[in-house]
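Here are my notes on this model. Please read them with the coordinates open.

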Amino acid sequence: MENRTFNGIPRPITTPQFINSLRPDEVFVFGSNLQGMHLGGAARVAHELFGAIYGQGVGLQGQSYAIPTMHGGVDAIKPYVDEFIRFAGSRGDLFFYVTRIGCGIAGFRDEQIAPLFAEAVSMPNVCLPDTFIEAIGKQGK
């Protein structure tokens, strides 16, 4: 797997499929529901391993960041992704691993969600799934 360097530490180019540990400056970005009921998929991992808080469906919590995906279509998710991108841009001290938010239990396809993250592709502290990178690349053609 290729790497990039962030804060002097080698990091992957794309988000690993399975993450079960993080360095102190790393954040696990996962799809949630607005109620913060982190019961399945990446949300459950975020709760069990990275400090996601039951009842908190949005934003930074421990070493995780929740983006709600269960409350409507892509247009309803976009403001939360935009908020995340602004937040990540303001936190150059943290490295964010974005999971395939919305593409598991929420039922969206990578091609639907990935374009929301197009602005994050060039951010040095945001790592996207390879399926998102591929979908964003296809969209640009």
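Which residue in S5 is the bridge partner of Phe28?

1. Ser64 is that partner: Phe28 bridges to Ser64 in S5. Keep in mind that this is a predicted model. The pairing of S3 with S5 (residues 64-68) is parallel and runs over five bridges.

2. S3 also pairs with S6 (residues 95-98). That pairing is parallel too, with four bridges.

3. Strand S3 spans residues 26-32 and is mostly covered, with seven of its seven residues buried. Glu26, Phe28, Phe30 and Ser32 point to one side of the strand. Val27, Val29 and Gly31 point the other way. Both sets are buried, where buried means under 20% relative accessible area.

4. Now the packing. The largest nonpolar core holds 26 residues. Ile67, Phe84, Ile113, Phe117 and Val126 have the most contacts inside it. S3, S5, S6, helix H2 (74-90) and helix H4 (130-139) each give two or more residues to this core. H2 gives the most, with five residues.

5. Phe84 deserves a look. Setting aside neighbours within four places in sequence, Phe84 contacts Val29, Tyr65, Ile67, Phe96, Val98, Phe117 and Val126.

6. Another core, of 13 residues, lies apart from the largest one. Its members include Leu22, Phe28, Ala52 and Cys127. In soluble globular proteins, nonpolar side chains tend to be buried together.

Terms used: Residues numbered from 1 in each chain as written. Predicted model: local features only at pLDDT ≥ 70, side-chain atom pairs only at ≥ 80, totals over all residues. Heavy atoms only, no water. Buried < 20%, exposed > 50% of the residue type's maximum accessible area, 1.4 Å probe, protein only. Pairing = 2+ DSSP bridges. Core = buried A, V, L, I, M, F, W, Y, C linked by side-chain atoms within 4.5 Å. Contact = heavy atoms within 4.5 Å.
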